[in-house]
Amino acid sequence: MSTSLSPSASASGHPPIADAGPQSLCAREPRVPAERLVAEMVPPPRFDSVRFDTYDPDPAQPSQSEAVTVLSGFAAGLGGAHASGAGRKRWFSRTPRTPRTPKNTVPTGPRGVYLDGGYGVGKTHLLASLWHATPAEPALKAFGTFVELTNLVGALGFQQTVQTLGGHRLLCIDEFELDDPGDTVLVSSLLSRLVEQGVALAATSNTLPGKLGEGRFAAADFLREIQGLSAHFRPLRIDGQDYRHRGLPEAPAPFSDEQVAKTAYATEGASLDDFPGLLEHLAKVHPSRYGALTDGITAVCLTDVGPVPDQSTALRLVVLADRLYDREVPVLAAGVPFDKLFSDEMLNGGYRKKYFRAISRLTALARDAKPLVSQ
């Protein structure tokens with residue numbers, strides 16, 4: 001049942017009601033054209049202004065400072081003229097471009113870096129900083145998640161994607177997913193073609209099913225899964241604890257349904273949905289559109305939050321949490337705390353790293369939402 005609160009419910013003494021009532025994510029069915037998928041292959045808003053000098057290394061983890069040094073040098077080495085030129089601006093061209101590097105002179109040695117570490121050590125911050133530091137115009141650099149890259153191939157086709165990205169200086173892939181062998185082979189084949197054209201690569205990845213251990217994905221496993229590409233990656237381990245909660249207070253406890261609804265009505269651009277209804281709606285929207293689903297939303301308000309019923313639903317929620325975190329959209333919730341969303345079986349299973357990352361990010365967004373609530 002959807003929770004609602006009429007504007008008249010905000011009596012004197014409460015924050016002013018927004019000009020219009022809150023929106024509903026469940027009422028949105030976004031359509032994302034292929035050209036938008038290409039144009040949005042840049043660091044998301046949360047990471048638009050990050051740089052190597054804004055990364056805050058943990059003094060107790062020297063590998064973090066070392067990563068900044070290594071990646072800064074890697075970026076500096078990607079300067080110089082580009083042979084084929086146009087980059088993503090030619091995504092719609094029917095004319096094959098001339099390969100940047102002839103096949104008989106395929107680059108040898110590491111042509112990419114793989115950031116190996118647990119959730120919350122700042123891998124995405126460093127990956128985005130690498131994108132920003134690479135001395136090339138934005139049209140010659142691409143940044144996206146593994147899911148966004150596979151969606152691009154689906155929208156453009158394999159050959160057109162090769163043509164689109166083959167003129168780039170750098171391709172950054174965040175959360176390289178190895179859970180689906182078919183997608184892994186597809187993207188590995190794509191990257192092999194891009195390496196032939198001289199495109200530099202940088203990647204982070206998630207955990208394979210059944211890989212528990214430290215809650216991090218081992219570089220040896222990543223290199224084995226991408227097989228022929230392994231020679232082009234230099235593993236760079238980054239140790240540390242989740243920076244999102246380093247030295248910060250505990251996340252706020254969930255609010256009441258009434259508090260969440262009042263806040264939604266008092267916050268311009270907020271959305272208001274009951275959690276079970278939103279989970280049902282996510283099943284009807286392709287994950288590639290979850291970013292568009294949140295366009296223009298200033299805060300997500302959720303009532304009746306409870307444990308996620310199954311793994312398919314949980315994985316969709318993970319993607320939504322990533323898109324909300326990327327866009328810095330606060331999340332105000334009533335119900336169970338976010339660390340109770342996923343069952344013990346899920347948190348001990350092969351996708352545990354995804355779930356812990358989602359908990360971490362939703363907790364950070366809940367902390368961001370607390371000032372919106374009237375006291």
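Predicted model: local features only at pLDDT ≥ 70, side-chain atom pairs only at ≥ 80, totals over all residues.
Three strands make up an open sheet, and their order is 6-7-8, with parallel pairing. Strand 6 covers residues 270-274 and strand 8 covers residues 331-335; both stand at the edges with a single partner strand each, so one side of each has no neighbour in the sheet. From one strand to the next, the twist averages 15 degrees.

Now look at how strand 6 is joined to strand 7. Strand 7 consists of residues 299-305, and five bridges join strand 6 to it, the two running parallel. To find one of these positions in the model, take Ser271, whose bridge partner in strand 7 is Val300. Helix 9, residues 275-282, lies across strand 6 and strand 7. The direction of helix 9 is at about 110 degrees to strand 7.

The next topic is the aromatic rings. A pair of aromatic rings is described by two values, the distance of the centres and the angle of the planes. Across the whole structure, a search finds three aromatic pairs. One of them is formed by Phe47 and Tyr325, with 6.4 Å from centre to centre and 55 degrees between the planes, and this pair is tilted. Where do Phe47 and Tyr325 lie? Phe47 is in the loop between helix 1 (34-39) and helix 2 (62-76), whereas Tyr325 is in helix 11 (residues 311-326), so the pair ties together parts that are 278 residues apart in sequence. Phe47 has a relative accessible area of 3% and is buried. Tyr325 is buried too, with a relative accessible area of 2%.

Phe342 and Tyr355 form another pair: the ring centres are 4.7 Å apart and the planes are at 25 degrees, so this pair is stacked. The cut-off behind that word is an angle under 30 degrees. Phe342 belongs to the loop between strand 8 and helix 12 (344-347), and Tyr355 to helix 13 (residues 352-369), so the parts tied together here are 13 residues apart in sequence. Phe342 is buried, at 4% relative accessible area, and Tyr355 counts as buried at 0%.

Finally, consider residues placed over ring faces. Which residue lies over the face of Tyr325? Arg46 does, at 3.8 Å from the ring centre. Elsewhere, Lys141 lies over the face of Trp131, at 4.3 Å from the ring centre.

Conventions
Residues numbered from 1 in each chain as written. Heavy atoms only, no water. Pairing = 2+ DSSP bridges. Helix = DSSP H or I, 4+ residues; strand = E, 2+ residues; numbered from the N terminus. Axes fitted to C-alpha atoms, helices over the stretch in contact; angles between N-to-C directions. Contact = heavy atoms within 4.5 Å. Phe/Tyr/Trp six-rings, centres within 6.5 Å; stacked < 30°, edge-to-face > 60°. Buried < 20%, exposed > 50% of the residue type's maximum accessible area, 1.4 Å probe, protein only. Lys NZ or Arg CZ within 6 Å of the ring centre and 35° of its normal.
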